[in-house]
Amino acid sequence: MAEQPALSLDGATKDYGHGRGVFDEQLDVDQGSVVGFLGANGAGKTVTMRMLMGFIRPDRGAACIAGLDCFRDRAAVQTRVGYLPGEVSCPTDMTGIAFLNFMTALRADGAHVAHGRRAVEARMGELIDRFDLDPSARIGRMSKGTRQKVAIVAAFMGSPDVLLLDEPTSGLDPLMQERFVELVREERARGATVFLSSHMFPEVERTCDRVAFLKAGHIVGVEDMAAVRAARARTFLITFADAAEAGRYRAAHPEATVPAAEGTGREIVTSHDVAANMSLTVRVSGTVSGFVKDLAEYRVADLASREQSLEDMFLHLYGDRETGGGGTNGMTGALTGKEDAR
Amino acid sequence: MIAALYARGAKTSLIPTVIIAAVLAMYTTLITALYDPDASAALDAMMKTMPGLFDAFGMGDDTTTLMGFLLNYLYGFLYVLFPLVLILLLVHRLVIRPIDRGSMAYLLASPHRRGAVVGTLAAVMLTMLAALMVFLTVLEFGTAAVLFPDEQLGIGLLRVNAGLSALWLCMAGLSLLSACAFRDAAPALWAGGGFVIVEFVAQMVAQAGDRFKDIRYATFLTLFDRYGLADGDGTAIWQAVALAVVGVASLAAAMTAFVRRDLEV
């Protein structure tokens, strides 16, 4: 309980004017945990990462890693940190392997080498193999995904205590994303603390124990992943065998017509592009087994799951309350209701 | 000093340095070879036809000795402008472009103090300038020894080159300060580089005729008094020391700016 958090934001604020920046961020990340930082583009994820890396100084408050101020003590902080920038910008004139060797040498030159150089090089080789990376090409000629792999290897090869990963799977194909997820799980098992930003819930869902929601520069909530997973709504596009069957479904669920009655856990959100009235879009909160059992009574031609947009997820979890004093005190609205239902 | 970064910076800087060194080597040997004590009358005659133009480029002075000839044709324009181009190229490659493109993030993410990072990059630039100076000095003495064994360049030229080094240091300091102080790439390059170019143009105008000669007090380039240095004049030496002090102070200010600023990389 008294253990110092591996990473903390204590009222960290960086105001760029016109509502841009991050405001009064409060967050503690325990050692050995994997926390996702979820927000839309421009919500302030990268600004937060830069504060944690000591690249920018908060206007107010502080960002700390292992109890050290990230701006003031950045050289000491960075001995413990592996960083994957949001915009991968490795020097384009170097080959991948030259860049990785350069980064190894740069760390070895430092005051503190957490792991011996040989260990770093061995780990580099493992990671290169794991991601099927050919590091011999010049970085300037690599595809976006390949550059991302180079950046991932650079971030992980030092086996750091803390990993700061800004949109880590951007540009990776699904197979490589899966390997990345495995890697993060292994790092957690090793005891590393991982702070991972993303604008895609599934990426965070697969890797993280907790998730902090960021909206317009404010942390609006920090939740356990299991609770979010249980509470979040899923949207399904059902295509019935014919229009009559779709009509029968609709008639059987009058309570689900938009706007959904409070607490029914199901909404029929019919989009305009449905083919010949055969399709319905249905949003289901909480567990889906009841929905599936019920659906089995109908002649269904196709069933597709759609990802909920972040905006919808925020609305679903927190209602339309103002983002100002977000805080970390748990979800309201849908989630609370859902937990009661369980 | 970070050895790995120094090696990488030196590699990045080598090509522009070699190109500028090659251009200046060409001019140095060409101009030395053009010196002909007997033909100076003809050159003087040409100068008299376009006095303003030669003066503007700092080439309107006594050319009856090899020393005077070199000071006139190399040190007023070529040995100032080309090194400035090199300084701007190096500052761009080492500092401005990595910040602009974001690759500076990797240097900042390494466990080194920012002062060590920018100090190493400054050391790379100063090494290149020092190498260029040594190369040109050796070339001047070598060419003169081969072509005009009777002419003495001696300690006077070494004093001039030491003063020129102070001028280069000053230009490098101002350019690095601008690179470290400004957030966007264009002002980072052109606030410092543009300032030196404006000062350079002011010096050309001041040299062009008596009407504008007072402008020389408005440009720091005047502090580099090549004829005074050649003669061992005390004021000229103090002026060169002042240039070096401004250079060192600008470098220190550049490092401080780099350490304190926000780097959005």
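The exercises below work through a predicted model with chains A and B.

**Exercise 1.** State how many helices and strands chain A has, and what share of its residues is buried.

Solution. Start with the elements: chain A holds 12 helices and 14 strands. Next take burial: of its 342 residues, 43% count as buried. Then turn to contacts in chain A with a separation of 6 or more: 69% of these join residues 24 or more positions apart.

**Exercise 2.** Find the order of the strands in the open sheet of four strands in chain A, and name its edge strands.

Solution. The order is β2-β1-β4-β5, and the pairing is antiparallel. The edges are β2 (20-29) and β5 (68-69) of chain A, since each of these pairs on one side only. Inside the order, take β1 (7-17) and β4 (60-65) of chain A: five bridges join them in the antiparallel sense. One bridge can be followed to its residues, as A:Ser8 has A:Cys64 of β4(A) for a partner. As a general point, strands of a sheet pair through backbone hydrogen bonds.

**Exercise 3.** Decide whether helix α4 of chain B is mostly covered, and identify what covers its buried residues.

Solution. Helix α4(B) spans residues 66-73, and seven of its eight residues are buried, so by the cut-off of 20 or more other C-beta atoms within 10 Å the helix is mostly covered. The buried residues are B:Leu66, B:Met67, B:Phe69, B:Leu70, B:Leu71, B:Asn72 and B:Tyr73. Their cover includes α1 (3-34), α7 (114-147), α8 and α10 (226-231) of chain B.

**Exercise 4.** Work out how many residues each chain gives to the contact between A and B, and what the chain A side consists of.

Solution. Chain A gives 23 residues and chain B gives 20. On the chain A side, α2 (74-78) and α3 (96-108) are the elements that give two or more residues. The largest share, five residues, is from α3(A). By type, this side divides into 13 nonpolar, five polar and five charged residues.

Notes
Residues are numbered from 1 along each chain as its sequence is written. Chains are lettered from A and ligands numbered from 1 in the order in which they are written. This is a predicted model: local features need pLDDT of at least 70, side-chain atom pairs count only at pLDDT 80 or more; totals for chains, interfaces and linings use all residues. Two residues are in contact if their C-beta atoms, placed from the backbone, lie within 7 Å. Ala, Val, Leu, Ile, Met, Phe, Trp, Tyr, Cys and Pro count as nonpolar, Asp, Glu, Lys and Arg as charged, and the others, Gly among them, as polar. A residue is buried if 20 or more other C-beta atoms lie within 10 Å of its own, exposed if 12 or fewer, and partly exposed in between; C-beta atoms are placed from the backbone. Two strands pair if DSSP finds at least two bridges between them.
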